[in-house]
Amino acid sequence: MIRLGTSLMHPSAPFMATWNQIKAALPNYQLTVTQLSGEAASSNREYAMLGQECDIMIGTFDQATTRQLVVAVPLGAYHFDIAVTSDHPLAHHSRLALNDLAGQRLLMVPRGISEKNDQLRDAIETAAPDVIIEGTRRRYNLDVFNRAADQNLALLNLTPWQDLHPNLVTVLLDTPLTVNYGVLASRQALQPVQDFMNRLRQLI
């Protein structure tokens with residue numbers, strides 16, 4: 001039995017279509033979806049849940065996280081977009097160039113948490129030097145989306161969270177940068193979970 005953790009920030013839906021296609025090739029495994037009950041306090045709180053509340057989860061990763069914290073089986077890539085309230089000046093755009101962010105207050109994670117976010121921050125600051133970037137305390141949670149809505153900030157967002165907050169709309173950000181996502185497991189996972197990840201890697 002493999003426990004797949006799910007939450008607002010880590011929805012399991014991106015994996016389920018794939019699982020339904022390959023589960024016949026994995027007759028020795030059963031998948032159960034478990035709701036993650038809380039948020040750990042560390043900057044990489046979701047990874048701390050692996051091996052505790054769940055065996056695997058669907059989430060983003062880059063070289064830093066896979067090198068230090070998790071093993072990953074890639075599923076695809078998420079795109080960046082900007083989430084704003086419907087009356088925000090950026091809301092009427094069909095897509096946004098980086099220089100469209102000039103003069104805006106932009107909410108995003110602080111440096112050092114995600115390599116792709118750091119690369120995009122550099123690109124934004126080059127294209128729009130007068131952008132005002134406000135950092136979150138850590139990775140995103142629902143409070144971050146509430147802050148963007150309440151303070152009318154532009155929020156750097158990703159594909160799976162486009163409909164997370166009812167008062168925010170999303171506009172695609174025109175950038176070649178994407179963020180890999182996939183099935184994540186702890187580097188210290190029990191052997192059955194490691195075996196499951198190895199089989200996934202062979203099948204996907």
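Start with Arg3: at 28% relative accessibility it counts as partly exposed. Keep in mind as you go that this is a predicted model.

**Stop one: the salt bridges**

What does Arg3 form a salt bridge with? Select Asp55: the closest N and O atoms of the two are 3.0 Å apart. Arg3 sits in strand β1, while Asp55 is in the loop between α2 (45-49) and β3 (56-60), so the pair ties together parts that are 52 residues apart in sequence. Colour by accessibility and Asp55 comes out as buried, at 11%.

Searching the whole structure turns up six salt bridges. As background, side chains of opposite charge can pair when their charged atoms come close.

Next, select Arg95 and Asp174, a salt bridge whose closest N and O atoms are 3.5 Å apart. Arg95 belongs to strand β5 (residues 95-96) and Asp174 to the loop between β9 (169-173) and β10 (178-186), so this pair ties together parts 79 residues apart in sequence. Is Arg95 buried or partly exposed? With 43% relative accessibility, Arg95 counts as partly exposed, and Asp174, at 44%, counts as partly exposed too.

Now pick Glu134 and Arg105, whose side chains meet in a salt bridge at 2.8 Å, N to O. Here strand β7 (residues 132-135) supplies Glu134 and strand β6 (residues 105-108) supplies Arg105, so the pair ties together parts that are 29 residues apart in sequence. Glu134 is buried, with a relative accessible area of 17%, whereas Arg105 is partly exposed at 33%.

**Stop two: the rings**

Switch to showing the aromatic side chains. How many aromatic pairs are there? The count comes to seven. Zoom in on Trp19 and Phe196: their ring centres are 6.1 Å apart and their planes at 50°, so the pair is tilted. Trp19 is in helix α1 and Phe196 in helix α6 (residues 191-203), so the pair ties together parts that are 177 residues apart in sequence. Trp19 is buried, with a relative accessible area of 7%, and Phe196 is buried as well, at 0%.

For another geometry, go to Phe145 and Trp161. Their ring centres lie 6.3 Å apart with the planes at 85°, so this pair is edge-to-face. Phe145 is part of helix α5 and Trp161 is in the loop between β8 and β9, so the pair ties together parts 16 residues apart in sequence. Phe145 and Trp161 are both buried.

**Stop three: the nonpolar cores**

The largest nonpolar core has 52 residues, and Ile56, Ile82, Leu106, Tyr140, Leu156, Leu173 and Leu200 are those with the most contacts inside it. Which strand gives this core its largest share? Highlight β4 (residues 70-84), which contributes six residues.

Centre on Leu173 and show its surroundings. Leaving aside neighbours within four places in sequence, its contacts include Phe80, Ile82, Leu96, Leu98, Leu120 and Leu156. A second, separate core has 10 residues, among them Met49, Cys54, Met57 and Ala72.

Asn117 lies in helix α4 (residues 115-127). With a relative accessible area of 12%, Asn117 is buried. Beyond its neighbours within four places in sequence, Asn117 is in contact with Phe80, Met108, Val109 and Leu156.

Then jump to Ser12, in the loop between β1 (2-6) and α1 (13-22). Ser12 counts as buried at 11% relative accessibility. Not counting residues up to four places away in sequence, Ser12 touches Leu4, Thr6, Val33 and Ile58.

Finish at Asn152, found in the loop between α5 (142-151) and β8 (154-158). Check its backbone: phi of Asn152 is near 55°, a positive value in a residue other than glycine. At 35% relative accessibility, Asn152 counts as partly exposed.

Terms used:
Residues numbered from 1 in each chain as written. Predicted model: local features only at pLDDT ≥ 70, side-chain atom pairs only at ≥ 80, totals over all residues. Heavy atoms only, no water. Helix = DSSP H or I, 4+ residues; strand = E, 2+ residues; numbered from the N terminus. Buried < 20%, exposed > 50% of the residue type's maximum accessible area, 1.4 Å probe, protein only. Contact = heavy atoms within 4.5 Å. Core = buried A, V, L, I, M, F, W, Y, C linked by side-chain atoms within 4.5 Å. Salt bridge = Lys/Arg side-chain N within 4 Å of Asp/Glu carboxyl O. Phe/Tyr/Trp six-rings, centres within 6.5 Å; stacked < 30°, edge-to-face > 60°.
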